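Please look over this model with its charged side chains in mind. My notes follow as numbered points.

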Amino acid sequence: MSQEIRRRIAQLSEEIRDHQFKYYVLDKPTITDGEFDSLLKELQKLEAAHPEFKLPDSPTDLVGGGFATHFQQHDHIEKMMSLDNVFDEAELNQWFDRIAKNEAKNEAKNSWLCEVKVDGLAINLLYEKGKLTRALTRGNGTTGEDVTLNVKTIADIPHELSGKNIPDLIEVRGEVFFPIAAFNEFNDLQEELGRERFANPRNAAAGSLRQKDPRITASRPLSMVVHGIGANSGVEFTSQSGAYELLKSLGLPTSSRYKVVKSRTEVEEFIKYYGLHRHDVEHEIDGIVIKVNEIAIQQELGFTSRAPKWAIAYKYPPEEVTTKLLDIKVSVGRTGRVTPFAFMEPVKVAGSTVTNATLHNEQEVVRKGILIGDVVLIRKAGDVIPEVLGPIIDRRDGSERAFVMPTKCPDCGSKLRAISEGDVDLRCPNTQSCPAQLRERIYYIGSRVALDIDVLGYEAAIAMLNHGLITDESDLFSLTAKDLAKSEFFLKKDGELGANAEKFLVALESAKTKPLWRILVALSIRHVGPTAAQALAKNFGSIEAIASASEEVLAQTPGVGLIIAQSIIEWFAIDWHQEIIRKWQKAGVAMKEVAKVSTSPQTLAGLTLVVTGSLIDFTRDGVSEVIAEHGGKSSSSVSKKTDYVVVGNSPGSKLAKAEELGLRVLNESEFKKLLAGGADSLG
């Protein structure tokens with residue numbers, strides 16, 4: 001028995017170190033976080049029960065991976081610790097009990113700081129005399145990789161501290177992350193360019209920060225949030241929350257998603273809240289960190305070899321499940337790309353039941369070794385399309401079969417082909433009249449990311465095409481009530497036009513005056529998403545200027561680059577694309593950046609508002625525009641400078657922050673009253 005335990009400890013240690021190498025150095029993990037946590041937890045339990053078999057270099061004693069890469073290594077002034085984890089309330093209570101046992105005389109005076117655990121890359125910033133002199137990854141906790149030049153490209157991170165009392169020296173600890181919305185757009189572009197997708201935002205952040213060329217890092221929208229202080233000189237704080245206020249006063253990016261509480265019950269409520277609202281946050285989180293707030297008590301409790309005893313990470317269960325892959329089908333997107341997707345037995349994950357999941361492309365299916373009939377592991381986070389991670393090979397029974405990519409478009413029968421040499425995607429070349437591409441492009445025009453046109457969803461797009469109201473998107477803005485009357489979709493039972501027809505026509509008219517960047521997105525130019533579109537609109541100011549610009553000039557535009565420039569040139573060279581521009585202009589669609597002169601009463605002049613949750617009569621982008629039209633400022637974060645917080649359905653943590661700061665909270669009805677009459681109208 002003892003030999004079996006010794007072998008299992010050695011086996012686990014080797015396996016964990018291998019996975020750490022793939023995670024920390026290669027940024028290509030082959031197992032899920034939940035599976036890794038299970039291995040580490042098993043090893044910790046075995047070592048606790050049989051310390052005589054523990055290896056000298058056990059991964060349970062090391063912080064992070066501790067592996068060297070091509071970056072120069074430097075020591076942290078003060079060791080950069082990791083965190084111990086718990087996975088349920090019972091384990092959390094055991095940690096609370098240990099604190100109580102060690103600090104019986106102080107526990108009644110304790111307060112707890114709870115904060116979301118950012119799933120990013122740990123970084124240590126060193127400021128000397130207020131200037132950023134070095135940025136290191138955590139590494140093994142003692143020594144990290146020097147990524148200073150790359151870190152300095154991140155807009156959130158000041159190169160020089162601000163405020164009144166600048167410390168002589170301070171190490172600031174935090175997490176670099178890839179915002180989820182930006183990650184999804186970036187990954188889509190990676191796929192379009194035939195490059196390998198990143199598995200998740202954490203890997204994308206790590207891969208972006210480890211680029212040899214800082215210009216590549218600069219092109220990726222990384223962010224950072226700071227949450228700790230290491231070595232310091234000339235700094236005073238008596239609590240963890242006080243440290244956060246200090247960091248904020250120095251101009252550093254702190255999070256508003258923390259709360260100081262007095263009881264275990266309040267800690268559990270915080271954990272439950274973010275368990276339900278983890279997808280309301282702009283970055284991925286994998287748990288909640290709980291810290292003793294008082295620094296004096298932290299110092300008394302001390303540290304183990306790898307982690308503070310006064311802090312713990314409560315890890316949420318992974319949002320991954322298994323189900324049977326019944327078939328692999330293909331769909332045709334708005335740019336003609338033919339994408340395989342998994343058709344599966346229904347399974348509930350991340351709060352919703354799913355039957356389909358993306359497989360990206362044929363090469364990805366082969367690389368992951370997925371067969372039709374496999375039991376597969378899938379991941380879904382919030383509103384993100386579910387993704388098949390891989391097969392459970394041990395569950396195969398021999399009936400599985402390989403997927404064969406079709407050679408013809410399933411919607412129009414055109415022969416599929418790659419657009420360029422090395423392109424991993426097959427595309428339908430019938431871009432103008434392929435029913436699938438038409439449907440997808442028209443639906444996309446109405447989506448929130450493009451022109452946000454009320455009523456224009458899949459059903460409306462299909463109805464307009466099937467009933468001949470439009471032949472392609474060029475006809476969209478010329479539609480009249482008489483045209484809509486030809487489709488049952490826009491009619492009531494008595495044959496009269498329905499309310500959706502009126503809404504649609506009003507929304508179409510409103511869409512004609514949307515900002516130029518939204519018009520560019522709506523055109524479905526390959527590779528031109530919101531980020532590139534905003535850069536083009538800002539730098540050129542009109543469709544005409546963009547269309548006449550050379551490839552070289554376009555490529556030199558910040559946020560564009562050569563690939564997007566080539567795509568723009570190719571798009572404008574096609575006659576029927578030019579016809580779309582001509583017809584839209586004739587219908588009154590604004591093709592220039594127009595400095596808006598608001599005719600709305602400036603009832604919000606001088607006021608800063610934060611909106612959280614879903615409103616009934618305003619979209620997310622629309623409410624920001626309304627606030628600006630009325631002279632106000634729309635902010636994404638709640639602070640003492642916020643005048644009002646507008647709350648809709650399913651508000652996020654911003655509501656809790658507003659209540660904590662004692663800010664005025666408005667419902668949608670009160671917000672409308674404020675728009676109409678200003679602050680005096682609220683009494």
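1. A salt bridge here is a side-chain nitrogen of Lys or Arg within 4 Å of a carboxyl oxygen of Asp or Glu. Side chains of opposite charge can pair when their charged atoms come close. Counted by this rule, there are 23 salt bridges.

2. This is a predicted model, in which local features need pLDDT of at least 70 and side-chain atom pairs count only at pLDDT 80 or more, while totals for chains, interfaces and linings use all residues. Residues are numbered from 1 along each chain as its sequence is written, and side-chain values use heavy atoms, with hydrogens and water left out.

3. Salt bridges join Glu364, Arg367, Lys368 and Glu387 into a network. Within it, Glu364 and Lys368 pair with an N to O distance of 3.5 Å. These two residues are four apart in helix H11 (residues 362-368), so about one helical turn separates them. Helices (H or I, at least four residues) and strands (E, at least two) are DSSP runs, numbered from the N terminus. Both Glu364 and Lys368 are buried; buried means under 20% relative accessible area, exposed over 50%, and partly exposed in between (1.4 Å probe, protein chains only).

4. Arg441 and Glu473 form a salt bridge at 2.6 Å, N to O. This pair links distant parts of the chain, 32 residues apart: Arg441 lies in helix H12 (residues 435-446), and Glu473 in the loop between helix H13 (458-466) and helix H14 (481-484). Arg441 is buried at 5% relative accessibility, and Glu473 is buried at 4%.

5. Arg173 and Glu171 also form a salt bridge, with their closest N and O atoms 3.4 Å apart. Arg173 is buried, its relative accessible area being 9%. Glu171 is buried too, at 1%.
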